[in-house]
Amino acid sequence: MKITDEMLSAAAPLARDLLLDSLPPDDQIPAHTFSPEFEEKIQKLRRRYRWKQRGKRALVYLRKTVAVVLMVLGLSFAGLLTAAAAQGKFLDLFIHVYENYIVYESLSYPGRELEYTELYPVELGYIPDRMGRIHSYVSKEGDYFSIDLRPLDVIKEGSYRGPGVYQGELVELQQQLIRPGDNFMVAFTTEDAVHETFEFQGFTAEIYTKDGMTTLRWFDSNIYYELYGNIAVDELKKIAENIIFQK
Amino acid sequence: MLIYLSMMDTPEAQDKFCILYEQYKNLMFYVANEILGDTRDSEDVVHQAFVKIIENLDKISEPKCPQTRAFVVTIVERQAIDLYRRRQNHSKVTFDDGLEWEPATFDAEASHLRGDLAAAMGALPVRYRQVLLLRYDSGYSEAEVAHMLSMSPANVRKTIQRARKKLAELLEREEAVKK
């Protein structure tokens, strides 16, 4: 007897059903209380891959979109950077403004030298009274740092356990180091978003609010920042104004 | 290359990973624990399975569907069996040696109801069945199946060939019993 691809394709869904039928239905599977160590690992996993997932979607979006370039800003880091840590590379930051989205992009070139700032985890000098820090995370590579805030009652109750489908208030601050040699890109949609700029502590943040989520984005040399949350914009601004930068 | 996209999704809402996690974490733990019988090991396996799943997140179009459920079960089952083998000091067991993990039983009733070939696929050793489901039910390429199951594409092809042979044997045996 010869088993063909067609036969296997026809039988596979039935075989899958047999497999699933051999398992208890969801409502009969006991709910397991996972250990805090497990939840922490899942949280880290989710955090790191969330960026990658966004990146993949960005590529798809960019490929599909016929965009009109309105403006290209070149902001050179060359004058800021010295030779030692540069490994002979030159880093430029470009901000591309398209019709419905914006792309931040860095490009590195060999043969030019620059210094760049290593990542220095920041501290929050202001946290809304009703909120507290639930997580801080530094990547093993030392190129990413984040702080998560959640409401105190959520933290106290322990009802926020890892990456559940959480619907309450949240604030997250993320730092991403851009090293010479990295090609860094941030792309975000601006369609239906409310935009403003915000000056604080010598930085200029671009603020976009969409669907109740506000994101502040700015650069400190070669470190990219995102502060976002679903609390009031003024509260996010106050958090930004009180960030302690400890170089 | 680092590429980020913001504001196409909010951090919490409609996060595919969150949906998968909430939907399948208990099922995954159940499957792992059935094989390993150890809470800590089972949690480790669920974590490893999520690492594998998240690597293939873009291939999952609908988190809550039978295909995804089967995919998740396949991945966690695979991780659990691998850990079981390591725990049993069978780390050097060859791919073929590991095929007898599950005794092949042929459910006559299922065969009648669901089709002989499907029932025979269900009765195959786990690794054969895993490869066949990913390839022919989920429609992944041999290279994708290889990546998901940490195999080489050549090994996937070889496994499919062997699975076909095994299926033919099972069906012929069943035919003989019927006669």
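Predicted model: local features only at pLDDT ≥ 70, side-chain atom pairs only at ≥ 80, totals over all residues.

Residues are numbered from 1 along each chain as written, chains are lettered from A and ligands numbered from 1 in written order, and side-chain values use heavy atoms, without hydrogens and water.

I looked up the geometry: helix α1 (residues 5–21) of chain A and helix α6 (residues 126–137) of chain B pack at about 115°, axes 8 Å apart. Helices are DSSP runs of H or I, at least four residues, numbered from the N terminus. Axes are lines fitted to C-alpha atoms over the stretch in contact, with angles from 0 to 180 degrees between N-to-C directions.

I listed the contact (heavy atoms within 4.5 Å). From α1(A) come A:D5, A:L8, A:S9, A:A12, A:P13, A:A15, A:R16 and A:L19; from α6(B), B:R129, B:L132, B:L133, B:Y136 and B:D137. I read their classes as 8 nonpolar, 1 polar and 4 charged. Ala, Val, Leu, Ile, Met, Phe, Trp, Tyr, Cys and Pro count as nonpolar, Asp, Glu, Lys and Arg as charged, the others as polar.

I then took α1(A) with helix α3 (residues 66–87) of chain B: their axes come within 10 Å and cross at roughly 65°. That makes this pair roughly perpendicular. In α1(A), A:R16, A:L19 and A:L20 meet B:P66, B:Q67, B:R69, B:A70 and B:V73 of α3(B). By class I noted 5 nonpolar, 1 polar and 2 charged residues.

Note on methods:
Helix = DSSP H or I, 4+ residues; strand = E, 2+ residues; numbered from the N terminus. Parallel < 35°, antiparallel > 145°, perpendicular 65-115°, else oblique.
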